[in-house]
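This report goes through a single protein chain one part at a time. Please keep the sequence and the 3D view open while reading.

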Amino acid sequence: MLNYSHEVFFEVARHLSFSRAAEVLFISQPAISKHIKALEAFYKTTLFERKGNAIQLTKGGQLLLNRLKEARKIQDQLEF
């Protein structure tokens with residue numbers, strides 16, 4: 001099972017919005033930021049490029065997103 005920080009990352013990447021991910025996950029936007037910062041520290045790379053109010057995935061963020069999609073697929077197969 002993916003850890004919660006990865007689930008948070010997945011939602012932020014899906015919506016390209018910290019605030020929208022917070023709404024979907026029913027947690028605060030500062031909590032979202034904290035999870036993303038923890039992942040960035042763990043992977044020693046930035047995952048999102050922040051441009052004013054807009055964000056986009058960095059190369060590292062895109063790689064993580066692709067790997068998490070694979071992990072979710074495997075997780076779903078195991079549960080099935």
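This is a predicted model: local features need pLDDT of at least 70, side-chain atom pairs count only at pLDDT 80 or more; totals for chains, interfaces and linings use all residues.

R50 counts as partly exposed, at 42% relative accessibility. (Buried means under 20% relative accessible area, exposed over 50%, and partly exposed in between, with a 1.4 Å probe and protein chains only.) The side chain of R50 meets that of E40 in a salt bridge of 3.7 Å, N to O. Since E40 lies in helix 3 and R50 in strand 1 (residues 48-51), the pair ties together parts that are 10 residues apart in sequence. E40 counts as buried, at 13% relative accessibility.

A salt bridge here is a side-chain nitrogen of Lys or Arg within 4 Å of a carboxyl oxygen of Asp or Glu. Helices (H or I, at least four residues) and strands (E, at least two) are DSSP runs, numbered from the N terminus.

Residues are numbered from 1 along each chain as its sequence is written, and side-chain values use heavy atoms, with hydrogens and water left out.

## Salt bridges within helices

By the rule for salt bridges, the count comes to six. Side chains of opposite charge can pair when their charged atoms come close. R20 is partly exposed, with a relative accessible area of 38%.

Another salt bridge links E70 and R67, with 3.4 Å between the closest N and O atoms. These two are three residues apart in helix 4, or about one helical turn. E70 is partly exposed, with a relative accessible area of 42%. An α-helix has 3.6 residues a turn, so residues three or four places apart point the same way.

Helix 4 covers residues 59-79, 21 residues in total, and reaches 30 Å from its first C-alpha to its last. That is close to the 30 Å expected at 1.5 Å a residue; the expected span is 1.5 Å times one less than the number of residues.

Which residues of helix 4 are buried? They are G61, L64, L65, L68 and Q75. They lie on the same side of helix 4 because they cover an arc of only 100° around the axis, the arc being that of the directions from the helix axis to the C-beta atoms. The buried residues pack against helix 1 (4-15), helix 3 (29-43) and strand 2 (54-57). The face turned away from the buried side carries the exposed residues K59, K73 and Q77.

## The two strands

Strand 1 and strand 2 run antiparallel and are joined by four bridges; two strands pair if DSSP finds at least two bridges between them. E49 has Q56 in strand 2 as its bridge partner. The hairpin of these strands has two residues between them, and G52 takes a positive phi near 65° there. On strand 2, I55 and L57 form the covered face, whereas A54 and Q56 form the uncovered one.

## A serine in a loop

S17 is found in the loop between helix 1 and helix 2 (18-25). S17 is buried, with a relative accessible area of 18%. Leaving aside neighbours within four places in sequence, S17 is in contact (heavy atoms within 4.5 Å) with V12 and I55.
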